[in-house]
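User: Could you walk me through reading salt bridges in a model? I'd like the general idea, then the case here.

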Amino acid sequence: MSTVNPPSPGGETKRVVFWAILTTSLASFMAGLDNLVIITALPTIREKLGGSLTDLEWTVNAYTLSFAVLMMFGAALGDRFGRRKVFSLGLLLFTAASAAAALAPGINELVAARAVQGVGAAIIMPLSVTLLTAAVPAEKRGAALGIWGAVNGLSIAAGPLVGGAIVEHLSWQWIFWLNVPIGLALAPLSFRKLAESRIAHSRLDAVGTALASLGLFGIVLGLIKGHGDGWTSPQVLGALIGGTAVMALFVVWENRTEHPMVPMRMFRNRAFTAINLAGALMSVGMFGAIFLMTQFLQNIQGYTAMQAGVRLLAWTAMPMVVAPIGGMVSDRIGGKPVVTLGLAMMTAGMVYWAFVLEPDVSYAAQLPSLMICGAGMALFYAPLMNLTMGSVAEHEQGIASGVTAATREVGAALGVALLASIFSANGGYASPRDFVDGLVPAMWVGAVAVALATFSMLLAPSRRRAAAPTRAPHAQAAPAGQHTPAGESTPAPQH
């Protein structure tokens, strides 16, 4: 059984939707931004705090690892204890960890703070989707999630630009201080303006949580270390094989336990499986491409971090324009054709870019690829979460958003590791020509991954309009500002 929001009068509904979009989008923006915002600051951090190259890599990887591993757990906590309450606590945890990162006296303390930041982000990201879905009427949900998707896509792609601008004009600590006033404002605002929802009588699946966390930890750790340590090294193979074995145990446990964290029947739903496969494959191609593209613009074409970020605006600004439109279109014709078109556009953009890549290629020649990829990414993100929410029952939406977010994050880690390995096998940093010789085949592999994502979406069942999630029997209402303990019933008004 789940708690849901009762219908509201027109004016009240508009206010609820406005605050839901504002708070959840800003929160997800912070969580997404901190994925890559630190990359352009690494040389400065090494100069100020010291540390080896491996230590610097872990300032990025510690966040990615805890973020990817704990997202399903974050969603489960929200289902059990109340999504609004846990979301607000996640914001406070993320904010406190950001302050700790800014105050870090050494590299080890910075890595630890980044890991805690990832825990906060793992709570924020899946619950932001669930809370927004609950606040918006079904017929408007595509547009609202389109705005959320635009902001989320922008945060990931804008990370290098924001980081470069802050390091160039302020100091590296302000990368993290920037989160503090935003988080301190959003946490109480979310608690006041968002409606509470939870799964009544929900129980935490402690064994499933432990197995999923350990399994994902091994897989993501192996992906992160594969490029540096070698894919056949004992540590990498042990992490990958061990993580896969534990995830297999997780599947067995979830099929047998009475209260599973992730009901395996969700994956018998062709739409849900296709959406998650497409999300993972898209992340493989696009995150790997962004990782290499920023290096190409800076190391080969000689742009500063700030200049490279400005030139990437042709990509990063497109979601702000296209995603809301894509969300509204998906409300009318269904999400599948919009997502499929977006993936096809990303594939075409990456293929075009692979053809024109040369050490001295002009920015004008790269511009069509950047714009096509940006528009395609916007069309992908806009209806994706609406499709996810519509493919499962209402009481499963929290964990479904966690699964979808986790698969994308694991795909991103795989994409960076895979494309970096292909780059290293075919080229390197010895000369501009050597760099391009490695970059071109990596881009082709990224394009193939996104093309497979397109094919995956073609296999998903078509729907004219995403169906409204099925309300669980005897659903309970928890209006905004009203604290409804799990298991206590407040009758929903009849309309």
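User: Which residue forms a salt bridge with E358?

Analyst: Side chains of opposite charge can pair when their charged atoms come close. A salt bridge here is a side-chain nitrogen of Lys or Arg within 4 Å of a carboxyl oxygen of Asp or Glu. E358 pairs with R433, with the closest N and O atoms 2.4 Å apart. That pair ties together distant parts of the chain, 75 residues apart: E358 sits in the loop between α15 (335–356) and α16 (363–390), and R433 in helix α18 (residues 432–458). Helices are DSSP runs (H or I, at least four residues), numbered from the N terminus.

User: What should I know about the source?

Analyst: This is a predicted model, where local features need pLDDT of at least 70 and side-chain atom pairs count only at pLDDT 80 or more, while totals for chains, interfaces and linings use all residues. Residues are numbered from 1 along each chain as its sequence is written, and side-chain values use heavy atoms, with hydrogens and water left out.

User: How many salt bridges does the whole structure have?

Analyst: Two. In the other, R433 meets D437 at 3.5 Å, N to O. R433 and D437 are four residues apart in helix α18, so about one helical turn separates them. Through shared partners, E358, R433 and D437 join into one network.

How values were computed
Helix = DSSP H or I, 4+ residues; strand = E, 2+ residues; numbered from the N terminus.
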